[in-house]
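Hi,

Here is the structure I promised to pass on. Have a look at it first, and my notes follow below.

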Amino acid sequence: MFTIINALRIIISRYGFISLIVFNLGVADQVLAARDAGEKRECATCHIMWIKDFKRKDVKTLIPYDPMPVEITGKQDVVSTEKMCFSCHDGFVLDSRKSWKKGSHGHPVGMKPSRKIKIPTKDGKTVFPLNEDGKVYCGTCHTAHGVSWSEEDSPVFMRVRNKESGICLACHLDKSTGPAEGNHPVFKTMHKPLSEKLKMMGAQSGDKNTVICQTCHVAHGAKTSKSHLVVNPENDRLCSVCHEDKQSVINSKHDLRKSHPDAKNIKGHTAANLGVCSSCHVPHGANGPSLWAGQEADTNVDVTAAACLGCHSKNGIAKEKALTKYNHPVGMPITRTGINVVNGKWKSESVLYDPDKPSISLPLYDKHGKHVENDGDVGCGSCHDPHKKLSAEAKEDDNEKTKHKQVDFLRISENSGSKLCINCHIKERSILLSKHNPEIYKSDDDANTNVCESCHQVHHATTSPLWARDLGPGQASVESLCNDCHRKEGIAEKKLTGKHSHPVSVAAQKMSKSGLPLYGRNEASSGSVIDCATCHNLH
């Protein structure tokens, strides 16, 4: 019996099966001894000749032992072929059939790495070897002699310790550079833990619930061969799992599948064939930190507005909403409004700042268009949320006077109180209590206009101070703005300037230390003359 068992083991070794078949006939002590793998029990699973019984001198094997020649480390031979791997991973030792059965996809093998792949080296040797043809094979990433069996936070049978998707990042450096170079962030803390459903599909997170490569991708058992995603990418299912707060964009005007199905992203794919997210965003190779994949704006626009102006321009798909010359500025520091950002919260030293009703902290951006928590610049996204069809506040507002101001994609819904404007322009809040507030002077012309919009227009204004009214008579630039109301038959005709009034549009004399503002004779000229606003603070 002992001789038969030894013979079977030699057959197993010679024909390349790495699984050790253990026979337990429940008879001789010799059989029990044959099951002893010695001090290297795990190694003997593959290296069958390491079993103590094969070194005995008192027995003779049925078939002579003829060991295979030693192969050079890192070269593909019978030990590292796919068939050899699957001889255990077919369920005999570990059931990995979901990784290679029909409909599943794994990391490509049998092909040469592209130019984007940078295989690291150590001591002059590649860490992840290729076969003789320079192609990827199972042994490129896997080996039985890499990670120690005592390692608790990394899979064994890997060439190096795979912690936090380290093996992925070692070769795919072009995918790991973060939002600054158009790639999805890695090592960023997620708002909530991964769902059990995603974990069942193979998704993993970092130690501190951070995004890693394996949060979205799996090396074996992917649903698609193109991106190796943990779920089928149809309709951007994976995006919506984490970005639940962005789902209100579905069926809005920013859902290009509905509004512009023929629009193409930078990958050349049409919106009709994409999910709502992929029409505008791609996780890798995007234009800028917003992972933008839509049309590119002209290079001379501010980076904080570039994504929006790619569509909202005369040549864009949203040309009916194209901007004109006079619009709210972007790329301006929020500190110019008197606001400071402390730990992500907006604060102000202005006496008009109400600590019981603090400002809503809106997104700010750096010079590269990346969102920043502390002091930054105002961008389109500071006022607009491109994913929000209507704010919850607007949906709940049943006031007939304010319904017409519930504009899509605003972070704070417009209403009679100009909440969005005064959220930032704290120094101008006193306008709410003045006669320049249309709710106070009750002008029929401005019955449906909020306080700021009675004079200003955020987009498509008529002149530089975002003016929303007609220009009245006058020699100076501000005077012509004031005189649209302060003229005969104007809404402020009881407050006209008389024949003998302080002159305007005259050069200032010895006013450099007065602290009062001066203005240009026209929009293009520098500030050197007296105007209405030199003495009057309109707000």
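Let me start with Val93, which is exposed, with a relative accessible area of 54%; exposed means over 50% relative accessible area, buried under 20%, and partly exposed in between (1.4 Å probe, protein chains only). A word on the source: this is a predicted model, where local features need pLDDT of at least 70 and side-chain atom pairs count only at pLDDT 80 or more, while totals for chains, interfaces and linings use all residues. Residues are numbered from 1 along each chain as its sequence is written, and side-chain values use heavy atoms, with hydrogens and water left out.

Val93 sits in the loop between α4 (82-89) and β1 (121-122). Helices (H or I, at least four residues) and strands (E, at least two) are DSSP runs, numbered from the N terminus.

Asn437 is a buried residue, with a relative accessible area of 5%. You will find Asn437 in the loop between α14 (419-424) and α15 (438-441). Setting aside neighbours within four places in sequence, Asn437 is in contact (heavy atoms within 4.5 Å) with Ile431, Leu432 and Val451.

As for the whole protein chain, its secondary structure comprises 17 helices and eight strands. Of its 539 residues, 34% count as buried. Among contacts in the chain with a separation of 6 or more, 47% are between residues 24 or more positions apart.
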